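Reader: I have a structure here that is new to me. Can you walk me through parts of it?

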Amino acid sequence: QVQLVESGGGLVQPGGSLRLSCVASGRIFSIYAIAWYRQAPGRTRELVASISNGGFTNYADPVKGRFTISRDNAKNTVNLQMNSLEPEDTAVYYCHILDTFHWGQGTQVTVSS
């Protein structure tokens, strides 16, 4: 059974940085593309960034130039480095294995002064 566990969320001031991590159990992690999604209160869940099994990355326009997604298949880990955070980035962030039903439980990111 595949489990995804996110960590690294918290409260940060505007302009600050956070690094989210997603650790997966199971052997399928290195085969699939992995993505980070986020959901703010009252809004639908949206894609933030994704990375293919070969390392090809894709970013949503609002985070381009500020967020960086990376993966370490040997450690079954995907990270999301978030810089220059804005209040609009406040949301619960989820790790997801694309083309599967596997999601993490989410980690809260709050950007506020």
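This is a predicted model: local features need pLDDT of at least 70, side-chain atom pairs count only at pLDDT 80 or more; totals for chains, interfaces and linings use all residues.

Author: R66 and D89 form a salt bridge through their side chains, at 2.8 Å from N to O.
Reader: Where in the chain do R66 and D89 sit?
Author: R66 lies in the loop between β6 and β7 (67–72), and D89 lies in the loop between β8 and β9. They are 23 residues apart, so the pair links distant parts of the chain.
Reader: Are R66 and D89 buried or exposed?
Author: Both are buried.
Reader: Which residues are linked in the network of salt bridges?
Author: R38, E46, R66, E86 and D89.
Reader: What about D61? Buried or exposed?
Author: D61 counts as exposed because its relative accessibility is 61%. Its side chain meets that of K64 in a salt bridge, 3.0 Å from N to O.
Reader: New topic. In what order do the strands of the sheet come?
Author: The open sheet has six strands, ordered β2-β10-β9-β4-β5-β6, with mixed pairing. β2 (10–12) and β6 (57–59) are at the edges with a single partner strand each, so one side of each has no neighbour in the sheet.
Reader: How many bridges join β2 to β10?
Author: Three, and the two strands run parallel. G10 has V109 in β10 as its bridge partner.

Technical notes:
Residues are numbered from 1 along each chain as its sequence is written. Side-chain values use heavy atoms; hydrogens and water are left out. Two strands pair if DSSP finds at least two bridges between them. Helices (H or I, at least four residues) and strands (E, at least two) are DSSP runs, numbered from the N terminus. A salt bridge is a side-chain nitrogen of Lys or Arg within 4 Å of a carboxyl oxygen of Asp or Glu. Buried means under 20% relative accessible area, exposed over 50%, partly exposed in between (1.4 Å probe, protein chains only).
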